[in-house]
Amino acid sequence: MLDSLAGILAGVFAGAISLGILSLLARSILVICPPNQVVIFSGRKRKLSDGSQVGYRVVLGGRSVRIPLLERVDRMSLLSIPIDLKVANAYSRGGIPLRVHAIANVKISSDPRVVGNAIERFLGRDPAEIARVAKESLEGHLRGVLANLTPEEVNEDRLKFATALVDEAEADFRKLGLTLDTLKIQNVSDEANYLASIGRARIAMVL
């Protein structure tokens, strides 16, 4: 009787160990990607649709199986990164230097055709590094857009200004594997008080 009970207990114990091992094995090879991340499996060659080869594959939401010993798993966040954009002495059309303050939100692109660019440039990098690169790119494009607009156009139609900046930066952001989620112009001013003078003149005209 005791021998039979001992045999049953041993079988139960062995089964529990087997289930535990299988569970650990499943967790080590089954990788789940939440909607706000991109998962990169590196270590094996993969052919792209254009015929080129890369040493990784990408999962954007969902799950995939990792091949032990052959593949390494990394993750990149798709959450927005806020950028405080301040540019001074940016010359508008007509030669008036302006100060512009804008708030932008950028993130790693979830477009399968573009995300590879971000992987090659930013995998393993801190979000602050991504923000720095995006900020430098936006500052350069902001100065370029301002050069084609008068101070009045910049100040009175900020939506047009923001749209022009987004369009100007789009190609470079795609090369970086980034997306410009939002861009809002907070303030436009100038040291010579040119814009303030225009405002006072218009108020006087109305009066």
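This is a predicted model: local features need pLDDT of at least 70, side-chain atom pairs count only at pLDDT 80 or more; totals for chains, interfaces and linings use all residues.
Residues are numbered from 1 along each chain as its sequence is written. Local features need pLDDT of at least 70, side-chain atom pairs count only at pLDDT 80 or more, totals for chains, interfaces and linings use all residues, and side-chain values use heavy atoms, without hydrogens and water.

**The pocket**

The largest pocket has a volume of about 390 Å³. A pocket is an open set of points on a 1 Å grid where a 1.4 Å probe fits, with protein on both sides within 12 Å along at least five of seven lines. The volume is the space filled by probe spheres set on the points. The lining has 14 residues, each with an atom within 4 Å of a point. Arg46, Leu48, Pro112, Arg113 and Gly116 lie nearest the centre. Strand E3 (53-59) and helix H2 (115-122) each supply at least two lining residues. H2 gives the largest share, 4 residues. Helices are DSSP runs (H or I) of at least four residues, and strands (E) of at least two.

**The helix contacts**

Axes are lines fitted to C-alpha atoms over the stretch in contact, with angles from 0 to 180 degrees between N-to-C directions.

| Helix pair | Angle | Axes |
|---|---|---|
| H3 (127-146) and H5 (158-176) | about 135° | 9 Å apart |
| H2 and H5 | roughly 65° | within 6 Å |
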